[in-house]
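This briefing goes through selected features of the model shown below. The notes are grouped by topic.

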Amino acid sequence: MSRLTTPMATITPAPPAETHRTNGHSSHTSPVTSLQDLITESPNDASQGFDTKSALEIARIINHEDAKVAAAVKKALPEIALVIDAVARSLRDGGRLIYVGAGSSGRIAALDSCECPPYFSNSPQQIQYIMAGGPKALASPVEVNEDSEELGQRDIARRRPTRKDVVLGLSASGRTPYVVSAVAYARARGARTACITCNHNAPLEGAADIAIIADVGPEVISGSTRMKAATAQKMITNMITTGAMTRLGYVYENLMVNVHMQNSKLVERGISILMRACKIDRETAVRTIKSAGRSVPVALVMLKANVDKPEAVRRLAQSDGNVRRAIEDSVMDL
């Protein structure tokens with residue numbers, strides 16, 4: 001059996017918080033703690049007189065500002081890549097990705113956490129979220145909880161973070177006490193920590209090993225960080241989990257082969273994926289999926305490697321679920 005070694009990017013220890021660098025900017029300056037000093041709280045010249053605009057003008061202004069988000073995220077790609085590899089390595093080693101957030105940031109974290117299992121068939125325990133105010137805060141604002149450092153520490157402590165885990169705090173302002181304290185606590189316990197924020201030199205940047213800063217600028221409505229800031233955070237969380245799952249081999253080519261076929265839509269998606277990947281007709285795809293125990297990865301390995309189900313299962317177990325490695329019967333060291 002051939003052995004293919006493809007190491008991940010090296011992740012070096014983070015420098016001390018006072019000299020931490022993110023996106024090429026030094027953080028020697030004092031952390032920003034005043035709300036009015038945050039760029040996300042500043043007035044936006046592009047939306048002056050916003051309340052006097054027509055519906056079409058409002059839509060145009062928002063669309064124009066939203067167009068800046070991808071460019072802001074692009075500047076943070078090196079840090080995003082570090083987090084992708086850290087999460088992939090953590091999950092491979094039996095650890096977890098634990099998001100921590102409040103308000104809109106917490107809801108985005110919850111969304112990403114909940115959407116991964118149906119798309120990648122990962123255990124819900126692998127990617128978790130902690131929301132200030134608990135699950136009820138997803139639907140009903142409980143914003144007062146985000147001011148509590150004690151609750152942040154308490155809630156992350158209940159998850160018992162270890163060196164195997166990645167704890168990622170989301171806060172548009174970068175100064176939410178609940179999130180900052182949770183990330184600092186996890187880091188002190190040896191967990192790898194990261195953050196996503198939209199302001200430079202905020203306390204959260206200093207609390208995390210890796211700081212992802214998406215400088216989207218002032219919001220159309222000052223301080224309404226459910227807009228550009230939240231869009232940036234959603235884009236970045238998508239990149240992190242999709243990237244990590246892809247690095248682990250749960251994607252083949254650009255196909256979602258680890259789809260969990262729990263409903264008719266996902267069953268059809270699984271059949272379509274197998275047809276496309278193996279260039280076979282629908283009847284053959286359906287028959288193979290049934291013989292593979294309704295597992296698209298097993299069916300794909302069976303067809304691509306021309307092996308029976310037990311051998312496909314063995315290969316997937318040996319490759320830790322990495323579909324391409326199972327087909328090639330090789331191993332990737334992370």
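The model is a predicted one.

Strand β4
- Ile127, Tyr129 and Met131 point one way from β4, while Gln128 and Ile130 point the other way, and all are buried.
- In a regular strand, side chains alternate between the two faces of the sheet.
- Five bridges pair β4 with β3 in the parallel sense.
- Within that pairing, Tyr99 has Tyr129 of β4 as its bridge partner.

The sheet as a whole
- Five strands form an open sheet in the order β4-β3-β5-β6-β7, with parallel pairing.
- The edges are held by β4 (127-131) and β7 (210-213); each has a single partner strand, so one side of each is left without a neighbour in the sheet.
- On average, neighbouring strands of this sheet are turned by 20° against each other, direction ignored.
- Strand β5 (residues 166-170) runs parallel to strand β6 (residues 192-197), and five bridges join them.
- Gly169 has Cys195 in β6 as its bridge partner.

Helix α3 on the sheet
- Helix α3 (residues 77-92) lies across β3 (97-101), β5, β6 and β7.
- The helix runs at about 130° to β7.

Helices α5 and α6
- Two packed helices are described by the angle between their axes and the distance between the axes.
- For helix α5 (residues 149-157) and helix α6 (residues 177-188), the axes come within 7 Å and cross at roughly 45°.
- That angle makes α5 oblique to α6.
- The crossing of α5 past α6 is right-handed.
- From α5, the contact involves Glu149, Leu151, Gly152, Gln153, Asp155, Ile156 and Ala157; from α6, it involves Pro177, Tyr178, Ser181, Ala182, Tyr185 and Ala186.
- By residue class, the contact of α5 with α6 divides into eight nonpolar, three polar and two charged residues.

Thr288 in helix α10
- Thr288 is placed in helix α10 (residues 282-291).
- Its relative accessible area is 8%, under the 20% cut-off, so Thr288 counts as buried.
- Leaving aside residues up to four places away in sequence, Thr288 touches Leu274, Ala299, Met302 and Leu303.

Note on methods: Residues are numbered from 1 along each chain as its sequence is written. This is a predicted model: local features need pLDDT of at least 70, side-chain atom pairs count only at pLDDT 80 or more; totals for chains, interfaces and linings use all residues. Side-chain values use heavy atoms; hydrogens and water are left out. Two strands pair if DSSP finds at least two bridges between them. Helices (H or I, at least four residues) and strands (E, at least two) are DSSP runs, numbered from the N terminus. Axes are lines fitted to C-alpha atoms, for helices over the stretch in contact, and angles run from 0 to 180 degrees between N-to-C directions. Contact means heavy atoms within 4.5 Å. Buried means under 20% relative accessible area, exposed over 50%, partly exposed in between (1.4 Å probe, protein chains only). Angles under 35 degrees count as roughly parallel, over 145 as roughly antiparallel, 65 to 115 as roughly perpendicular and the rest as oblique. A crossing is left-handed if the near helix is turned anticlockwise from the far one by less than a right angle, and right-handed if clockwise. Ala, Val, Leu, Ile, Met, Phe, Trp, Tyr, Cys and Pro count as nonpolar, Asp, Glu, Lys and Arg as charged, and the others, Gly among them, as polar.
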